[in-house]
Amino acid sequence: MAVIAFVAGKGAPGVTTAALACTLSWHRRTVLAECDPAGGSILAGYLGGALDGPRGIGELAVAELRDGNLDRAFWTQLVDLDAPKRERLLLPGVVDPAQAGSVTPLWQRFADFFAGLERGEPGYDVLVDCGRLQVAAPPWPLLRTAAVVLVVTAAHLPGLSSARATVRAIQRDFAEHRVPAGSLRLLLVGEGHQRGEVSKALQLPVIAQLPRDPRTAEVLGHGGTVRAGRPLMRAAGALEVPIGALLDRRRARLSWPGAPEVADAV
């Protein structure tokens with residue numbers, strides 16, 4: 001695959017939960033990168049604060065700013081979520097708001113690095129948790145570089161209202177930077193309006209709908225045993241199929257003669 005970004009609007013639920021569920025259920029080697037400027041939550045939540053010492057994107061930013069050591073330091077900052085296989089890895093987010101100042105200038109550097117991981121040996125897809133868009137310094141370079149951008153939203157009216165503003169903001173940014181918006185999709189969470197109604201209202205395809213599953217969400221948010229047969233995990237695992245199909249169509253378009261170079265940014 002490639003880089004898959006998860007983002008949401010104000011008040012939207014489940015961005016980190018959705019990204020973590022996909023990381024734990026997809027079959028390809030995956031790195032989950034917590035790039036929410038407001039801070040990461042998986043170390044203290046799902047992992048229960050079990051790790052000793054600082055780890056994550058904040059430390060990675062310090063290494064890069066100090067001596068340009070991103071390529072080597074990256075692998076030392078990861079947490080193996082399925083040890084010792086190193087097939088589901090986590091790059092924890094910032095835990096101290098002061099770290100955000102070091103990370104923000106490096107969003108483009110991180111975006112370029114993540115995009116290259118699928119071509120490594122072994123290759124990894126990168127699921128990027130970008131958090132909510134309504135923050136002081138959104139990680140725009142990560143969204144522009146992603147092969148697929150999933151706008152996570154509840155299926156009820158307040159959620160859709162927030163999602164509409166988020167979608168329009170992304171579309172404006174993509175147009176300004178000449179990034180094709182063909183891989184922008186909605187990911188619904190919970191019950192509410194039907195997928196067709198949502199797609200028509202926001203004029204954007206819905207790629208999938210994750211069910212309301214409080215028991216699994218509690219485990220993903222606060223720790224415990226993840227059960228693959230639970231509704232949320234089954235739906236998250238199934239999301240790998242339409243994501244893969246979307247990327248296959250993108251690659252097919254890019255293989256046609258005369259395809260514009262700017263399409264690589266999607």
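Strands and helices here are DSSP runs, numbered from the N terminus: helices are H or I runs of at least four residues, and strands are E runs of at least two. Two strands count as paired if DSSP finds at least two bridges between them.

The model is predicted, and local features need pLDDT of at least 70, side-chain atom pairs count only at pLDDT 80 or more, and totals for chains, interfaces and linings use all residues. Residues are numbered from 1 along each chain as its sequence is written, and side-chain values use heavy atoms, with hydrogens and water left out.

**Figure 1. The whole chain, before we zoom in.**
The protein chain comes to 11 helices and 8 strands. Its C-alpha atoms fill a box of roughly 50 × 50 × 35 Å along the principal axes. For 266 residues, a compact globule would have a radius of gyration near 18 Å, and the 17 Å of this chain agrees with that; the radius is taken over C-alpha atoms, and the globule rule is 2.2 Å times the number of residues to the power 0.38. Of the 266 residues, 51% count as buried (buried means under 20% relative accessible area, exposed over 50%, partly exposed in between, with a 1.4 Å probe and protein chains only). The chain exposes about 12200 Å², and carbon and sulfur atoms supply 52% of that area; accessible areas come from the Shrake-Rupley method with a 1.4 Å probe, and for residues only the protein chains shown count as cover. Among contacts with a separation of 6 or more, 69% are between residues 24 or more positions apart (contact means heavy atoms within 4.5 Å).

**Figure 2**

**Figure 2. Strand 1 between its two partners.**
In this view, 6 of the 6 residues of strand 1 are buried. Val 3, Ala 5 and Val 7 point one way, while Ile 4, Phe 6 and Ala 8 point the other way. Side chains in a regular strand alternate between the two faces of the sheet. Strand 1 pairs in the parallel sense with strand 5 (residues 125-132) over 5 bridges, and pairs in the parallel sense with strand 6 over 5 bridges too. Ala 8 is a handy landmark: its bridge partner in strand 5 is Arg 132, and in strand 6 it is Val 152.

Look for Ser 162 within helix 7, a buried residue with a relative accessible area of 13%. Leaving aside neighbours within four places in sequence, Ser 162 is in contact with Gly 9 and Lys 10.

**Figure 3. Strand 7, helix 8 and strand 8.**
Strand 7, helix 8 (residues 195-202) and strand 8 make a right-handed β-α-β unit. A crossover is right-handed if, with the strands pointing away from the viewer, the path from the first strand over the helix to the second runs clockwise. Strand 7 and strand 8 pair in the parallel sense over 4 bridges, and Leu 186 has Val 206 of strand 8 as its bridge partner.

**Figure 4. The buried residues of helix 2.**
Ile 57, Gly 58, Leu 60, Ala 61, Ala 63 and Glu 64 are the buried residues of helix 2 (residues 57-67). They pack against strand 2, helix 3 (70-73), strand 4, helix 4 (100-103) and helix 5 (107-116). After helix 2 comes Gly 68, with a positive phi near 60 degrees. In helix 3 you will find Arg 72, which is exposed, with a relative accessible area of 62%.
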